[in-house]
Structure formats: structure tokens, C-alpha cells
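Q: I'm new to this one. Can you walk me through how it is put together?

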Amino acid sequence: MNADRAILHSDMNSFYASVEMMLDPKLRGKAVAVCGSTENRHGIVLAKSELAKRAGVKTGMVNWEAKQRCKDLILVPPQYDQYLKYSKLAHEIYYRYTDLVEPFGMDECWLDVTGCDIYGKPLEIAEEIRQSVKEELGLTVSIGVSFNKIFAKLGSDLKKPDAITEITKQNFKENIWPLAASELLYVGSATTKKLAATVSRQSVIWLQRSRAR
């Protein structure tokens, strides 16, 4: 990795649901969804546990559909004061290693640890953070380690939960090129459709030129 730049992206796994399960041990090991308007069928899923995710529950899904996907799903209302509390506690852990901490929502942060060799190599810092969050807060994080913010964010998404992924200048082609463009930050559904349409048009042009030869 380029020693001149070392970026971590820390993503707290299933954050809202994980906080709920940590606060209420009876929820641990179960399919849990944090939902708005849990008293009716028309609220939506704000966050889900790993078990709920495996059962097909998705963020933004209406409550009744989530219950159809997962019969044993437990719906709990959000406690935003608790999420904010644990977000701040995680930030305090990050600030032990660098003051260059950039939040990206309540549960994600970039950390620029360039030149922080006193605390170890970037992977070692990432491992210390992962262990500290688990031991001190009872939560897990996935951390991407790379030489820029985009790849660090992608790294934290590639392996979940409770994992560390390093993307270097030596392995980024192997790790990233096979992925869909939609895996990249800010490439949403609209951009994905535009890219697909562009590729299709260029493929048609290439085919027409090939036939004309």
C-alpha cells in the first residue's frame, strides 16, 4: 500500500438492530427488524439483523411484507437516542488513533491514519478498532483498509460482519474489476441503468462495425 496514504472505513454492522440486541439480550440470535410504526402494517424496515437479512428482509420493506418473508421476525421500534449514544462512543474509539475522522451517517466513518505509525500499521490499527468496539460496546464493525476513501468504503462492504478487508494498489484489480459498477459508492440504480444503456449502445455499434468489415 502507498505509505503516503492510509484510509480506513469503519461500518458498524446492522447498527440499529445490533444496538437493540445488545440492549435486550432476549433478542440475541433472533431475526430482528427495527421498524417505524410497529403497531401497524404500513411502517417500514429501518434496519435488520443478519438473520433477518438472510431470510430476505430488506431495508425499506413495509412491515407486513417483512413478516411474510420471515415468519419469526421480531419488530422493535427505533431508539434514536441510544443509536446516537453508541455512535458517539464508537467515534471516541476512532479518535484514539487519529483526529481525521469523517462521519458518513450515524454508523460509518472514514479515518485517515496516514502517518499514524506510532499506533502500528493500518491493518493493525483496524484490528485494534475492531476488537475495541466489540469488547467495549458489544457491537461489531467491518473495516475497509485502502489508499483512498472509495476503495476503503468498498472494502468494508465486501466482507461482513465483524471483518477487515484490505484493498491495495497491488490487489485492487483482482478484487474490484470483477464487481458490478453498482457496488461503488454513489453508483445507484439510476446511474447503473445509464451505464448499462451506454454499454449496450456501444456493443451494438461495435457489432455493426464488425459486420461492415
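A: A definition to begin: a nonpolar core is a set of buried Ala, Val, Leu, Ile, Met, Phe, Trp, Tyr and Cys residues joined through side-chain atoms within 4.5 Å. Buried means under 20% relative accessible area, exposed over 50%, partly exposed in between (1.4 Å probe, protein chains only). The model is predicted: local features need pLDDT of at least 70, side-chain atom pairs count only at pLDDT 80 or more, and totals for chains, interfaces and linings use all residues. Residues are numbered from 1 along each chain as its sequence is written, and side-chain values use heavy atoms, with hydrogens and water left out.

Q: Which residues touch the most other members of the largest nonpolar core?
A: Leu8, Phe15, Tyr94, Leu111, Ile129 and Leu139 do, in a core of 34 residues. Elements giving two or more residues include strand 1 (7-12), helix 1 (15-23), helix 4 (80-94) and helix 5 (122-137). Helices (H or I, at least four residues) and strands (E, at least two) are DSSP runs, numbered from the N terminus.

Q: Which helix gives the most to this core?
A: Helix 1, with 6 residues. Another core lies apart from it, with 10 residues, among them Cys35, Val57, Met61 and Ala66.

Q: What is Leu139 in contact with?
A: Leaving aside neighbours within four places in sequence, Leu139 is in contact with Met12, Phe15, Ser18, Val19, Met22, Tyr86, Val133 and Lys134. Contact means heavy atoms within 4.5 Å.

Q: New topic. At what angle do helix 1 and helix 4 cross?
A: Roughly 95°, and their axes come within 10 Å. Axes are lines fitted to C-alpha atoms, for helices over the stretch in contact, and angles run from 0 to 180 degrees between N-to-C directions. Helix 1 and helix 4 are therefore roughly perpendicular to each other. The cut-offs: under 35 degrees is roughly parallel, over 145 roughly antiparallel, 65 to 115 roughly perpendicular and the rest oblique.

Q: Which residues of helix 4 make the contact?
A: Tyr80, Gln82, Tyr83, Tyr86 and Ser87.

Q: Is Gln82 buried or exposed?
A: Gln82 counts as buried, at 18% relative accessibility. Gln82 touches Val19 and Leu23, not counting residues up to four places away in sequence.

Q: What order do the strands of the open sheet have?
A: The order is 3-2-4, with mixed pairing. Strand 3 (45-48) and strand 4 (74-76) stand at the edges, each with a single partner strand, so one side of each has no neighbour in the sheet. Two strands pair if DSSP finds at least two bridges between them.

Q: And what packs on the sheet?
A: Helix 1 does, touching strand 2, strand 3 and strand 4.
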